[in-house]
Amino acid sequence: MTEQRVLPLTTDHDTAPFWAAAAEERLVVQHCDDCDLPIHLPRGVCPRCHGERTSWREVRGAGRLHSWTVVEHQVHPGHPTPYTSVLVELEDLPSVRFLGSLPGRLDLEIDQPMTVRFERVGDTTLPQWEPVSS
Amino acid sequence: MRDAWRPDTMAIAGIGSTDFSKASGRSTLTLAAQAALAALADAGLDPKDVDGIVRCDMDTVAPVALGDALGVENLTYWGDVGPGGSAPAAMVAQAAAAVAAGLASTVVVFRSINGRSGERYGAGYAQGARAGGSSTYEEMFLPYGMQTPGQYFAMVARRHMADHGTTSETLGRIATACRKHANANPAAQMHHRTMTLDDYHASRALATPLRLFDFCLETDGACAVVVTSAERARDLRQPPALIRSAAQSGGADAQPGQMFPALMRDSITTWSSRALGEVLFRRGGMTPQDVDVAQIYDCFTITALIQLEDLGFCGAGEAKDFIQDGTLEVGGALPMNTSGGHLSEGYIHGMNHVVEAVRQIRGTSTNQVPGAEVSLVTSAPTTGGSALLLVGA
């Protein structure tokens, strides 16, 4: 039997709507209703205008690779090495970044185009990121 | 706004350490007591006279518990300062603030950790099937295999290389400078093991572009210092290390959570250490050029490299030009981590750096910088850090 990989807690006050949208295969970013700031990481009070009215807007799943690491030293039985963790910034909102992970050692370049993909693990859906195939 | 900080009014009067090992064979309480008793003996103070204790919020030894272990008559002040590695310089600052405010007169500041035989930070933060919640934001990182400090710093290193042309050779020069210093320090865990740049490059990749020798040494051990007024310290056994400046800084764009969320900063290759340096040097009336010797927090090589840029020892992206052969060694432009640092002496979460910074002021380091008058020490910079400038009396 293989060990279970780490899954997100999907019931946190601030991040639950992100995971609920992911379950519907939608990528969303919290925005402030008053000043329009994308609030990422999400939270209940806008750090710019202190407004407390926010909404989750669907965004385009197109990004660019901000950085990555190939993990060779395994620390968790559910995450076998090698794997590549990627840090992706949204094409339309460069201040918003997400993590992704892909099996194996990927040959990547900073700023290369990435696209979202939804991965279902049991009853949880993870937005994942992979290189745009050329 | 003018700083009300008063330089040189508070001092570190005593220093103490246990041995550093992979298996201490004793509890963190015992380690803490041994380091604290050593620091008090060094200062020539009676343990029962301790009235304050300051620790970081990741220590497993409670201040009152350590007070009990020391046999203090009445502990009347204690405090917790921030997360582990970012705390030590700020712990000294908090102790100094307590003495200045009249809340305590003799404060033990300590860090005790079984970081190799007990809880290993390198083992990752994932516990249980579900990660995150409670404002940690770990749910956004851990499921994606971003689970250890080394993996976070690898992301940062990759981007620094892409933006600035930094190479592993520069990181290797940091690792080999620390090792060279450890080779002269009998207390260092890597005292007997030399490292060339070739050895560095031959070490295995753990999380690219970082390799084994970019990582610090998970360590069992404890360090402690005694903080009191400069006036009182002058009458004690050792020459005091006066606190010329002390600072904490979160900087702007600090991000919530701890460490991993710093990947959401506008720039992931600069930290709170930039804002920290401005406050530190302003309060001390000094510039980076005044620093004779530096203990720079080095959980990883890249951690030290970025601080050198942030603090102004070179410009952003210029570390690759600044760090040449010998730059960071005694006789170089900035002798750094003269006990071997976290990379080669041991990882007491920033506290062994404070102890070594004091030794440099006393002239007792095993890699003594001749005539060192200004000694800098920093504590982890990622999501808020701290630093001290120490001078002789």
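Modeller: Begin with a definition: two strands count as paired if DSSP finds at least two bridges between them. Keep in mind that this is a predicted model.

Biologist: In what order do the strands of the open sheet in chain B lie?

Modeller: In general, strands of a sheet pair through backbone hydrogen bonds, either parallel or antiparallel. Here nine strands of chain B form an open sheet in the order 3-2-4-8-1-9-12-11-10, and the pairing is mixed. Strand 3 (77-81) and strand 10 (293-295) of chain B are the edges; each has a single partner strand, so one side of each is left without a neighbour in the sheet. On average, neighbouring strands of this sheet are turned by 25° against each other, direction ignored.

Biologist: In which sense do strand 1 and strand 8 of chain B pair?

Modeller: Strand 1 (residues 10-17) and strand 8 (residues 220-229) of chain B are antiparallel, with seven bridges.

Biologist: Which strands does helix 8 of chain B lie across?

Modeller: Helix 8 (residues 273-284) of chain B lies across strand 9 (241-249), strand 11 (374-379) and strand 12 (385-392) of that chain. Its direction is at about 145° to strand 9 of chain B.

Biologist: How do I read two helices against each other?

Modeller: Two packed helices are described by the angle between their axes and the distance between the axes. In chain B, the axes of helix 1 (residues 28-43) and helix 2 (residues 63-70) come within 10 Å and cross at roughly 60°. The crossing of helix 1 and helix 2 of chain B is right-handed.

Biologist: Which residues meet where helix 1 and helix 2 of chain B touch?

Modeller: From helix 1 of chain B, Leu29(B), Ala32(B), Ala33(B), Ala36(B), Leu37(B) and Leu40(B) meet Ala65(B), Leu66(B), Ala69(B) and Leu70(B) of helix 2 of chain B. By class, that contact has 10 nonpolar residues, no polar and no charged ones.

How values were computed: Residues numbered from 1 in each chain as written. Chains lettered and ligands numbered in written order. Predicted model: local features only at pLDDT ≥ 70, side-chain atom pairs only at ≥ 80, totals over all residues. Heavy atoms only, no water. Axes fitted to C-alpha atoms, helices over the stretch in contact; angles between N-to-C directions. Helix = DSSP H or I, 4+ residues; strand = E, 2+ residues; numbered from the N terminus. Left-handed = near helix turned anticlockwise from the far one by under 90°. Contact = heavy atoms within 4.5 Å. Nonpolar A, V, L, I, M, F, W, Y, C, P; charged D, E, K, R; others polar.
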